[in-house]
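Open the model in your viewer and keep the selection tool at hand. This tour goes stop by stop: what to select, then what is there.

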Amino acid sequence: MTRASVLYDAPGPRTRLRNNVLTLVFGVVLLLVAYVVWNKFDEKGQWAGKLWRPFLEADTWTELILPGLRNTLSAAAVAAVLALVFGAVFGIARLSDHWWVRIPAGVVVEFFRAIPLLMLIFFAQYGGSLAGLIVTEFTAVVFGLMLYNGSVLAEIVRAGILAVPRGQAEAGYAVGLRKNQVMRLILLPQAVTAMMPAIVGQLVVLLKDTALGFVVAYADLLNAGARVVPANFFNLIPSVIVIAAVYIVINLALGYLATWLERRSRRGRRSAAAPVAPGVAAGGEMAAVP
Amino acid sequence: MEAVVDELPVILQAFWLTVKLTVVSGVISLVWGTVLAAMRVSPLPVLRGAGTVYVNILRNTPLTLVIVFCGLGLGTVMDVQFSADDLSVDNFWLSTIGLSAYTSAFVCEVLRSGINTVPIGQAEAARSIGLTFPQTLRLVVLPQAVRAVVAPLGSLLIALTKNTTVAAAIGVAEAALRMKNLFDAHGSDIIPIFLGFAVGFLVLTLPVGLLFGWLARRVAVAR
C-alpha cells in the first residue's frame, strides 16, 4: 500500500466518477498550458527543424558536446576525490580530543559551508593570481568544489561516526587498540558504510555544481550547450534543452545508485550504525540542500 | 581594508539585491512548492504524474542551467520582458523565475517528507469525520507537516540565499558579481574584499539558521 493512499479512501462509484471528471478537467488544463508554451516557442520558430538537426549529426556530439561532458566529468571526478579526502580529514579533526585541532577544524568547515560556491571560485581565480600562481578555470572550479563539498562531507562523516554505537569504540579500546586504530579500523569503515547514500547524494550535488564553471568560462557541458553549440547553429533554446537532458540522465542514474546503496546497507549487517537516507544527515538538519 | 570601507555603499547595495532575490523567490517557491506537494499526494494520477515529472526534471538540472535558460532563452531569444527599457529589471525577474522554479522542487520534496511524518491516524480520523481530500490536506495534514519540516525549510532558505549568487551568470549585480567587479577594481585588496563579502553572507545566513532552529523547537508537534 502506498503512503499516498492513506490520505484518501479507496474510491466508491461516485468518487470514481468524480475522479474521472477531475482527471479530464486537469488533463485538459495541463494540455492547454503545454499547448500555450509550445505555441509561444513556435511563434519564435524554436521548433524549426534546422535548429534541432545539428543534434542528429555525429560531429555536433563528438566535436562540441562530448568534450564539454568530458571536462565536466573530469572536474567532478577530481573535485570528488579531493572533497572526500578533505571531508574525511576535517570530519575526523572535528571529533579530535585536542581543542587546538577541534576548534580550527570546526571554524574552517562552518566558514566554507556558509560561503556561496561561486564566491570561492572567484576568490580562487583572483587570489591565486595575486599570489603569482597561474589559476586555470579548471583549478578554480575544482578548488571551490573541494572546499564547499568537502565541508559538507565533513559534516556527513562526523554525523556518521557519531551514529556508530558507543559500544563499538569501547570494545575496540577494551581489546587494546589505540585511538587512531579505533578510528581507522572500527569507526570510519562503519560510518562510511552507513553514510554511503548521503555521500553519493552529495556527489550528485557536486556534479551539478560543476555547471558553475560556466560563469568563469570553464569549457564544461553547460558551456558547450549555452555558448559553443549556439555560436555554431544559433539554436540556444534547443541546445540548452538537449544539454539539460544529458545532465538529468546522469544525475538520475547517480540518484538511483544512492537509493540502491541505501537499500543494500539497510539489508546488510556491515555497519552497526543505522543507514541514512540520501541528503539526510545530522538529524535532518542538512536535509536536501540543493 | 580601505577598499572595503570605501566601497561599503556598493557592497550594501549588492547585498540588498541578494536579499530581494532571496525574499521574492523564497515566497514564490514556498507557494509553488506547496502546490506541487499537494499535486504529488493527490488521488488523481494525472496530477501526481505532472508533479513527479516537474520535480525530477528541476531537481536534476544544475541551477546555473536553469538560470541561463531563463536569462538567455526566455529573456533574449523569447523576448520576455518585465520593463520597457531597464535590462536589470528584466534580469532580476528572469533570475527570480529560475530560482523559484528550481527551489520549489526542493520545497515540494521537503513538504512531502513532512507529510510522511504525520501519523496515519490523523488522516484516518479526518476522513472518518467526512472531510474531503482537499480538506484533509489543508486542515489536518499540511499544518502538522509544515511544523515538522521547519528546520529543513530553514536550510533550504539558507541554500537559496547562497544560490542567488548564481544569478551572476546572467549579469544580475548581486553580491558575487559585485565582489568580482571589486576584485577587478582593487587588485591588491582581494583578501579583505573576500572576507567582507563572506561576513555579509554570514550575517544573512546565521540569524536565519538560529531563527528557524528556534522556530522548529517552538512549533514542534508534541507526540
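Helices (H or I, at least four residues) and strands (E, at least two) are DSSP runs, numbered from the N terminus. This is a predicted model, in which local features need pLDDT of at least 70, side-chain atom pairs count only at pLDDT 80 or more, and totals for chains, interfaces and linings use all residues. Residues are numbered from 1 along each chain as its sequence is written, while chains are lettered from A and ligands numbered from 1 in the order in which they are written.

**Stop 1: the annotated domain of chain B**

Select residues 15-212 of chain B. UniProt, in an unreviewed entry, places "domain: ABC transmembrane type-1" there. UniProt positions follow the numbering used here, feature names are shortened, and annotations may be inferred rather than shown by experiment. The stretch 15-212 of chain B is 81% helix and 0% strand. Its end C-alpha atoms are 21 Å apart.

Now colour the "transmembrane region" spans from the unreviewed UniProt entry: residues 14-39, 60-80, 92-111, 148-170 and 190-216 of chain B. Look at two of them. Residues 14-39 of chain B are 100% helix and 0% strand, with end C-alpha atoms 37 Å apart. Residues 190-216 of chain B are also 100% helix and 0% strand, and there the end C-alpha atoms lie 38 Å apart.

**Stop 2: chain A as a whole**

Switch to chain A. How many helices and strands does chain A have? The count is 10 helices and 0 strands. Zoom out. The C-alpha trace of chain A spans about 75 × 70 × 30 Å along its principal axes. The radius of gyration of chain A is 24 Å, whereas a compact globule of 290 residues would have one near 19 Å. That radius is taken over C-alpha atoms, and the globule rule is 2.2 Å times the number of residues to the power 0.38.

Check confidence next. pLDDT is the predictor's confidence in each residue, from 0 to 100. Chain A averages 88, and 92% of its residues score at least 70. Residues 278-288 of chain A fall below 50, yet this stretch has 35 contacts in the model beyond near neighbours in sequence. Two residues are in contact if their C-beta atoms, placed from the backbone, lie within 7 Å. Where pLDDT is low, the predicted coordinates should not be read in detail.

**Stop 3: helix H6 and the core**

Select H6 of chain A, residues 137-163. H6(A) has 27 residues and reaches 38 Å from its first C-alpha to its last, close to the 39 Å expected at 1.5 Å a residue. The expected span is 1.5 Å times one less than the number of residues. Is H6(A) largely enclosed or largely open? It is largely enclosed by the rest of the structure, because 24 of its 27 residues are buried. A residue is buried if 20 or more other C-beta atoms lie within 10 Å of its own, exposed if 12 or fewer, and partly exposed in between; C-beta atoms are placed from the backbone.

Show the largest nonpolar core. Such a core is a set of buried Ala, Val, Leu, Ile, Met, Phe, Trp, Tyr and Cys residues joined through C-beta atoms within 7 Å. This one holds 143 residues, and Leu118(A), Ile121(A), Leu65(B), Val68(B) and Met179(B) touch the most other members. H6 of chain A gives the most to this core, with 16 residues.

**Stop 4: where the chains meet**

Centre on Leu65(B). Its contacts, leaving aside neighbours within four places in sequence, are Ala211(A), Leu222(A), Val240(A), Ile243(A), Ala244(A) and Tyr247(A). Across the two chains, 50 residues of chain B are in contact with 47 residues of chain A. H10(B) supplies the largest share of chain B's side, 8 residues.

**Stop 5**

Pick Gly114(B), in helix H5 of chain B. Gly114(B) is buried, with 21 other C-beta atoms within 10 Å. Beyond four places in sequence, Gly114(B) touches Ala145(B), Val146(B), Ala148(B) and Val149(B).

Jump to Phe234(A), in the loop between helix H9 (221-233) and helix H10 (236-267) of chain A. Its phi is near 55°, a positive value in a residue other than glycine. Phe234(A) is exposed, with 12 other C-beta atoms within 10 Å.

Finish at Asp79(B), in the loop between H4 and H5 of chain B. Phi of Asp79(B) is positive too, near 65°. Asp79(B) is exposed, with 9 other C-beta atoms within 10 Å.
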